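Here are a few notes from one colleague to another, meant to be read with the model open. Please have a look at the structure first, and then we can go through the points together.

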Amino acid sequence: MSSQMQNSSIEDLLQQYNQNITINVVTISLYLVIGVLGNTIVLLVYKLKMRDTSEERYFIPILALSDLVSSIVCSVYGIIINQLQFTLKSELAWDFLLYINGCVSFMSIQLLLCIALQRYLKICKQKTLCLKKRRIMVVLSCVFAVTFALPLAFSYDIDDFSIEGKVIGKHPSKIRFGSKAGSIAYGVAASVFVIVMYSSFMFLYGRIGCTLYGHIKAQNIKRKIVRFSKRIRLTGSLKKSNEYNVKAESVTNAKKTSEEEMLKIKTTLKSHDERNNHGENDTERKDAQRTDKRCEYDINISEPMYSVSENKKQVKNSQPQMKTKIANKDPRAKRNQRMKSKFTLMFMLITFVFLLCYSPVAVVLTLEGIYIDFWEKLSMSGFLAMLWICQIYVINNIVNPFIYAFMDSEFRIAAREYFQSLTCKCSY
């Protein structure tokens with residue numbers, strides 16, 4: 001009777017597991033579809049529309065290819081874990097699945113480390129990696145990924161799995177070391193690897209962030225200096241224009257006074273002529289002509305060699321020239337600096353999402369290495385919740401195309417052109 005009750009309780013646990021795991025399988029299948037479509041679009045756009053990729057974009061197609069393979073392998077591995085966890089009893093099959101899943105996961109880690117190192121050298125050290133060195137980095141990433149995944153294939157074994165004190169089947173679990181020291185050493189090794197990986201990312205991008213902050217601060221100071229110099233120049237030009245206006249007013253006043261004097265002289269001469277009944281001598285006429293010439297000569301001397309309107313035009317034309325000189329001061333260098341900052345921020349966001357998604361897996365790897373019966377102490381609901389948490393890392397492989405589309409305007413335009421060409425072909 002007790003054996004029947006135990007069998008019924010085990011069947012109830014398995015039924016509860018199967019009912020709840022269906023939603024998880026549907027979610028992982030959705031991850032698979034989104035990851036394949038998104039990363040395939042990135043590869044097609046870079047292959048067909050953005051063939052001449054610069055150093056800034058070199059790692060994006062490689063990372064997209066790695067994310068495509070990872071989304072397929074990790075999603076299929078998650079579905080197999082959920083559906084065949086208690087029925088697949090082949091140790092070789094589980095070792096192969098664990099090894100392949102570890103390879104693609106470590107490949108993403110190594111590529112992001114390469115990107116962080118390349119951004120560090122470019123932003124902080126002002127060094128550019130040649131194409132040969134970048135290819136060597138990609139090859140070394142593959143070698144390290146294959147090497148680091150080997151311990152995963154030999155650290156799991158098929159063993160009895162129990163929940164709530166009831167053995168419900170065989171399950172791939174950590175190797176049970178003969179002594180406590182062995183399990184602690186494994187846990188310490190896993191935690192050291194996680195700490196080194198996270199510390200390297202934090203160090204590289206921390207230095208990059210400080211350097212970018214220094215550049216932004218220096219640019220703000222330069223802008224303030226340029227604005228202050230513009231204000232000084234504008235005030236100087238206004239003073240000059242005011243001086244020109246004062247001179248022009250003095251010239252016009254001199255003209256008016258000279259013209260009034262001329263009119264007075266002419267009227268006096270006319271009155272003198274009328275009184276003498278047009279009997280003036282030749283010498284007097286000559287003197288009058290001389291005075292006329294002298295007045296005209298004085299008027300011409302008092303006039304400046306420039307006009308007021310021309311001065312105003314010169315002052316107005318000098319201001320936009322200053323703006324164009326400042327605005328057009330090495331625009332190519334400004335664009336390159338802006339592109340470097342933009343791509344650095346984009347890769348920083350990608351790395352942050354990666355660290356966020358892989359944090360639960362890193363914590364679980366450390367805990368199950370230290371505590372041998374970590375999974376067995378969980379209830380069925382806790383076990384299902386931990387499965388959900390451990391499969392969050394798949395999101396890292398499907399979110400990167402959305403980050404490219406959000407932060408890279410050139411990629412967004414190229415993708416739009418690609419879809420337009422596809423619609424045109426389909427309509428044709």
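Which helix gives the largest share of the nonpolar patch?

1. That would be helix α4 (residues 131–148), with six residues. Please keep in mind throughout that this is a predicted model. The patch covers about 580 Å² of surface and is made by Ile136, Val139, Leu140, Val143, Phe144, Phe148 and Phe193. Leu140, found in helix α4, is partly exposed, with a relative accessible area of 40%.

2. In the model, residues 136–156 are 86% helix and 5% strand, with end C-alpha atoms 32 Å apart. Residues 58–80 are 96% helix and 0% strand, and here the end C-alpha atoms lie 34 Å apart.

3. Next, do look at Asn82, which sits in helix α2 (residues 59–84). Asn82 is buried, with a relative accessible area of 0%. Apart from neighbours within four places in sequence, Asn82 is in contact with Tyr17, Ile21, Asn24, Val25, Ile28, Leu387 and Gln391.

4. The salt bridges deserve a point of their own. A search of the whole structure finds two, and Arg57, Asp408 and Glu410 are linked in a network of them. In one, the side chains of Arg57 and Asp408 meet at 2.3 Å, N to O. Arg57 lies in the loop between α1 (2–48) and α2, and Asp408 in the loop between α11 (396–407) and α12 (409–427), so this pair ties together parts that are 351 residues apart in sequence.

5. Glu410 also forms a salt bridge with Arg57, the closest N and O atoms being 2.7 Å apart. Because Glu410 lies in helix α12 and Arg57 in the loop between α1 and α2, this pair ties together parts that are 353 residues apart in sequence.

6. Arg57 is buried at 4%, and Asp408 counts as buried at 1% relative accessibility.

Key: Residues are numbered from 1 along each chain as its sequence is written. This is a predicted model: local features need pLDDT of at least 70, side-chain atom pairs count only at pLDDT 80 or more; totals for chains, interfaces and linings use all residues. Side-chain values use heavy atoms; hydrogens and water are left out. Helices (H or I, at least four residues) and strands (E, at least two) are DSSP runs, numbered from the N terminus. Buried means under 20% relative accessible area, exposed over 50%, partly exposed in between (1.4 Å probe, protein chains only). Contact means heavy atoms within 4.5 Å. Patches are made of residues with over 30% relative accessible area and no salt bridge: like charges are joined within 9 Å, nonpolar side chains (Val, Leu, Ile, Met, Phe, Trp, Tyr) within 5 Å. Accessible areas come from the Shrake-Rupley method with a 1.4 Å probe; for residues, only the protein chains shown count as cover. A salt bridge is a side-chain nitrogen of Lys or Arg within 4 Å of a carboxyl oxygen of Asp or Glu.
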